Amino acid sequence: MIQLRNLTKTYISNKTKITPVQDVNLTIKDGEVFGIIGLSGAGKSTLVRCMNLTEKPTSGSVFIDGENLVTANEKQLRLLRKKISMIFQQYNLLQQRTVLKNVELAGEIHNDKGRREKAIRLLKLVGLESKLNAYPAELSGGQQQRVAIARALMTNPSVLLCDEATSALDPETTKAILELIKKLNKELNLTVVIISHQMSVIESICERVAIMDNSKIVEQGSITDIFLFPKENVTKKLIYSGKISLNLKGKKLIKITFNGGIDQPIIAKAAQDCNVLLSILHAETKILNGTTYGQVLLDLPNYLSDISKLKEYLNKEKIIFEEVDGNDFC
């Protein structure tokens with residue numbers, strides 16, 4: 001389990017105080033895949049580096065399995081860090097070493113006599129058993145990230161931190177790497193923390209998510225709750241930005257949410273039964289934790305006269321809906 005308590009990181013740059021992480025409190029359960037997302041500059045990369053003390057927090061605590069990294073001495077910290085591995089957007093492979101030798105490196109540092117056999121086993125696990133003697137320049141981006149993942153597993157970590165690990169990859173390769181991370185999470189009971197600015201990455205793999213804005217965690221919860229019922233403005237911006245090109249400022253709208261089990265023509269039936277005009281401004285489906293959910297954003301041209309009839313109908317049919325502000329979708 002990872003526990004962050006009142007975590008703050010402050011820099012002094014040109015006599016100016018900069019605080020990229022401020023009073024963060026998070027608990028990440030053993031074996032879960034947890035996402036941290038935010039706009040550029042929100043502080044998420046600094047936060048993840050504080051988790052393994054690559055960046056030492058200015059104040060607060062970082063607990064891994066109940067042990068505080070911040071108060072550990074140098075020897076204790078070395079042992080605790082073996083539990084935490086990290087992969088990055090840049091793969092950081094040594095170009096003069098083969099794939100096998102790159103993965104063996106962590107074993108060399110820790111004087112692991114069985115490192116060769118272990119590296120071969122891990123490369124097989126990530127699907128690169130045929131590339132042992134290849135060099136990084138001969139590999140695709142996705143293959144290089146697989147090497148980096150295998151290398152990260154050499155210390156038998158219980159936690160894998162992924163800082164924008166798929167940002168440099170194309171969509172198909174990203175999907176394959178995320179599937180591999182999910183497989184490792186299940187097979188090795190690995191706790192995974194995903195840092196990303198891409199909503200599709202968080203949606204496809206994470207169970208819970210925290211939203212960072214201006215150095216703080218402003219919202220957190222299950223993937224379903226956060227993505228279907230966002231509360232904070234920054235969360236809404238992250239979810240809906242770029243999806244709707246219409247100018248909806250100042251409009252009152254209705255958002256309907258339903259699961260994939262519904263196969264009725266909800267919108268057409270509502271318009272017919274209520275005798276109201278409805279315009280579909282946006283509709284999408286997404287798979288969250290293995291369940292398909294849908295959202296539809298509706299405009300009522302005659303809002304004042306029709307909204308009460310529509311709300312009464314939706315309540316009667318037990319359809320989940322909410323009145324929303326058009327500004328949230330701009």
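Which residue of β4 stands opposite isoleucine 2? Isoleucine 64 does, and that pair is a handy way into this fold. Before going further, note that this is a predicted model, where local features need pLDDT of at least 70 and side-chain atom pairs count only at pLDDT 80 or more, while totals for chains, interfaces and linings use all residues. Residues are numbered from 1 along each chain as its sequence is written, and side-chain values use heavy atoms, with hydrogens and water left out.

Let's start with the overall layout. The protein chain splits into domain 1 (2–233) and domain 2 (242–329), with bounds that come from an automatic or database domain assignment. Taken over C-alpha atoms, the centres of domain 1 and domain 2 are 38 Å apart. Domain 1 puts 10 residues into the contact and domain 2 puts in 11 residues, where contact means heavy atoms within 4.5 Å.

Back to the sheet that holds isoleucine 2 and isoleucine 64. It is an open sheet of four strands in the order β2-β1-β4-β5, with antiparallel pairing. Strands here are DSSP runs of E with at least two residues, helices are runs of H or I with at least four, and both are numbered from the N terminus; two strands pair if DSSP finds at least two bridges between them. At the edges sit β2 (16–28) and β5, each pairing on one side only. Helix α1 (residues 44–51) packs on this sheet, touching β1, β2 and β4, and its direction makes about 120 degrees with that of β1. For such angles, axes are lines fitted to C-alpha atoms, for helices over the stretch in contact, and the values run from 0 to 180 degrees between N-to-C directions.

Now walk across the strands. β1 (residues 2–13) and β4 (residues 59–64) run antiparallel and are joined by five bridges, and threonine 8 stands opposite serine 59 in β4. From β4 you step to β5 (residues 67–68), again antiparallel, over two bridges.

Next come the helices. The axes of α3 (residues 99–109) and α5 come within 8 Å and cross at roughly 30 degrees. The crossing of α3 and α5 is right-handed, meaning that the near helix is turned clockwise from the far one by less than a right angle. Val99, Asn102, Val103 and Ala106 of α3 meet Val147, Ala150 and Arg151 of α5. Sorted by class, that contact has five nonpolar, one polar and one charged residues. The classes count Ala, Val, Leu, Ile, Met, Phe, Trp, Tyr, Cys and Pro as nonpolar, Asp, Glu, Lys and Arg as charged, and the others, Gly among them, as polar.

Helix α5 (residues 141–152) also meets α6 (residues 171–188): their axes come within 10 Å and cross at roughly 20 degrees. That makes α5 roughly parallel to α6, and α5 passes α6 in a right-handed crossing. On the α5 side the contact is made by Gly142, Gln145, Arg146 and Ile149, and on the α6 side by Thr173, Ala176, Ile177, Leu180, Ile181 and Leu184. By class, this contact has six nonpolar, three polar and one charged residues.

Finally, there is another open sheet, with four strands in the order β12-β13-β11-β14 and antiparallel pairing. β12 (279–288) and β14 (320–325) each have a single partner strand, so one side of each is left without a neighbour in the sheet. The twist averages 20 degrees from one strand to the next. β11 (residues 252–259) and β13 (residues 291–299) pair over six bridges, with isoleucine 254 opposite leucine 298 in β13.

Terms used. Angles under 35 degrees count as roughly parallel, over 145 as roughly antiparallel, 65 to 115 as roughly perpendicular and the rest as oblique.
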